[in-house]
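Please look through the structure below before reading the points.

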Amino acid sequence: MSDALPSFEDTTDFDNADRGFLGALVPGVVTAADGRVVWDNDAYDFLKAECPDTAHPSLWRQGQLSARQGLYEVTDGIYQVRGLDISNMTLVEGERGVIVIDPLISVETAAAALALYKEHRGDRPVTGVIYTHSHGDHFGGVRGVLPHGTEEGVPILAPAGFLEHAVSENVYAGTAMTRRASYMYGVGLPVAPDGQIGVGLGQGTSTGTISLIPPTVDITETGQQETVDGVRIVFQLTPGTEAPSEMNFLFPDHRALCLAENATHNMHNVLTLRGAVVRDSRIWAHYLDEAIEYFNGRYDVAFASHHWPTWGHDDVVRFLTEQRDLYAYLHDQTLRLLNEGFTGVEIAERIELPPALEKAWHARGYYGSLNHNSKAVYQRYLGWYDGNPAHLWEHPPVELARRYVDVAGGPAEALAKARAYAEGGDPRFAATLLNHVVFADPGNEEAKQALAGVYETLGYGAENATWRNFYLRGAQELRQGVTGEMVDVTNPEMAMALTVPMLIDSIAIAIDGPRAWDEDLTIDLVMLDGVADAGERHRLTLHNGALTHRVVAEPRTPAGLTLALGKVQLLGLLSGKGVQELGIEAEGDPALLARLFSYVTKPDARFPIVTP
């Protein structure tokens, strides 16, 4: 995205961000039961000052808007808590209590948000929960609003496919994705003008306890209507947009439209820097266009699960129209250029937005960016390979780096040339060259310090918050090594929500295949409890290093080991407890279970990113 900025005189966003304010959490700090701070919004008070030279002024402005914290009235009967996590928690008052939409990331922040609402609106029970989509910042705090023993009879609504996609993103690739997310969100960086100043979509991610209660009501089609605690809701399914499983919905009696995360006050990600399945910007634009027509004339305000609402029907239509055009233009122009023979990297340097979108604050690349989103569209259609045979079988990073440094004349010469590029105003190539020096020799402290300095230069100039955080976290890791604690996405609360096939898959992806090449074993799990899995026999087969499973009714051949167990016992097995200790009924050779688990690995989530 270019450096041309909309007018800083436009105060509409600031007026809307402050509208309906009822009160803040004071102090704006949330702690866990052990006293550990899991959220500190007060740390962003420095954003009230003028923008320093260590930040892009447009990103600073976005941080000032996103850092607002408290309870806000959206319209009569609908309230939002903003600034207590990266996402918003919305509360809709019903006949008996309150419906919670998107209970944040952590149990602790969700509980604090609900308490803030009750402080100003009274002690209403939670009578319904809605997950707008399958990302963790929209369901992880659910136990903060529905503690154990309180969920009976409370409907939990979610779009079709929610649980499958929530698990695939947060569990299957959870270790690597969480590690990269620590860079994307600046976890471990100081919250300061020269450090983490936000993430564009919000200020940061809380670090409390993640939970999940499976949905009880699936939304399966657009036009589906549900009434929860006397509140009428009309749904629009939007699969494959910002999340694989997502939905918008209207509260017709409140004339209020929830846009989930499909339209926020920034350009979103088609592919996040933490990693995910590439999103379909074409279908994203289609569903925004459908929302414009489908809900036309039935709302006076639109709100989302991030940022601040937009009031006025015509203003919402304009906002949605520009958001629609943003993703459609991104998609179509990338396809046009790739069909003209340009590669993803080349397209990212050529593509530019139309002037009308360039001037819209909500189209700025604070979270996603035009540069990396166009590469994502390219990846969706053509994959990682750009068609050039030279790139088909390149050396891996360390071997490639050693050869680049050799060509450059050795480490000292490569370092000198990199510094010349940095001083000459080309920090991008300086970073590339210095990265090769570091990968060729991770012990070269002079090169690491030089690369850290270049990363800081690039970070301070970035309008995109996640680019800034990646650059600054990279600099931090070069200077200090791997730091910071990882959020646990595989805790027992999450695991209990998974189906048996999902739990088995979590074992399969951890099998050390080469060590298990010659293994051949079969284990049957006969489930004794659970709504969906009761009475099912799951056959696990480890063969050629691959653990596969299927449900069998009447097995043609006996398994080497059969275990009759409940879900809680299965979780106990996965945590390392024994069959006898858990009181599991077993038939066959119990040694097979130990053999299976002997191949299961546990990755270290603190792997380095900027050094080999």
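1. Two strands count as paired if DSSP finds at least two bridges between them. In this predicted model, strand β17 (residues 520-527) and strand β20 (residues 561-565) are joined by five bridges and run parallel. One example is Met527, whose bridge partner in β20 is Leu565.

2. These two strands belong to an open sheet of five strands, ordered β19-β18-β17-β20-β21, and the pairing is mixed. Which strands form the edges? They are β19 (546-551) and β21 (585-588), each of which pairs on one side only. On average, neighbouring strands of the sheet are turned by 20 degrees against each other, ignoring direction.

3. Helix α17 (residues 500-508) packs on this sheet and touches β17, β18 (537-543) and β19. The direction of α17 makes about 170 degrees with that of β19. Helix α18 (residues 567-574) lies across β17 and β20, and runs at about 125 degrees to β20.

4. How are α17 and α18 placed against each other? They pack at an angle of about 5 degrees, with axes 11 Å apart. Angles under 35 degrees count as roughly parallel, so α17 is roughly parallel to α18. In the contact, Val500, Leu503 and Ile507 of α17 meet Lys567, Leu570, Leu571 and Leu574 of α18. By class, the contact of α17 with α18 has six nonpolar residues, no polar ones and one charged.

5. Nonpolar side chains tend to be buried together in soluble globular proteins. Here the largest nonpolar core has 76 residues, and those with the most contacts inside it are Met89, Tyr131, Val145, Leu525 and Leu563. Helix α3 (residues 107-121) supplies the largest share of this core, six residues. A second, separate core has 37 residues, among them Ala263, Ala302, Leu335 and Tyr378.

6. Leu525 deserves a separate look. Leaving out residues up to four places away in sequence, Leu525 touches Ile504, Glu536, Arg537, His538, Leu540, Leu563, Leu565 and Leu570.

7. Arg179, Arg180, Ser182, Tyr183 and Met184 of α5 meet Thr466, Asn469, Phe470, Arg473, Gly474 and Glu477 of α15. The residues of the contact of α5 with α15 comprise three nonpolar, four polar and four charged.

How values were computed
Residues numbered from 1 in each chain as written. Predicted model: local features only at pLDDT ≥ 70, side-chain atom pairs only at ≥ 80, totals over all residues. Heavy atoms only, no water. Contact = heavy atoms within 4.5 Å. Helix = DSSP H or I, 4+ residues; strand = E, 2+ residues; numbered from the N terminus. Nonpolar A, V, L, I, M, F, W, Y, C, P; charged D, E, K, R; others polar. Core = buried A, V, L, I, M, F, W, Y, C linked by side-chain atoms within 4.5 Å. Buried < 20%, exposed > 50% of the residue type's maximum accessible area, 1.4 Å probe, protein only. Axes fitted to C-alpha atoms, helices over the stretch in contact; angles between N-to-C directions. Parallel < 35°, antiparallel > 145°, perpendicular 65-115°, else oblique.
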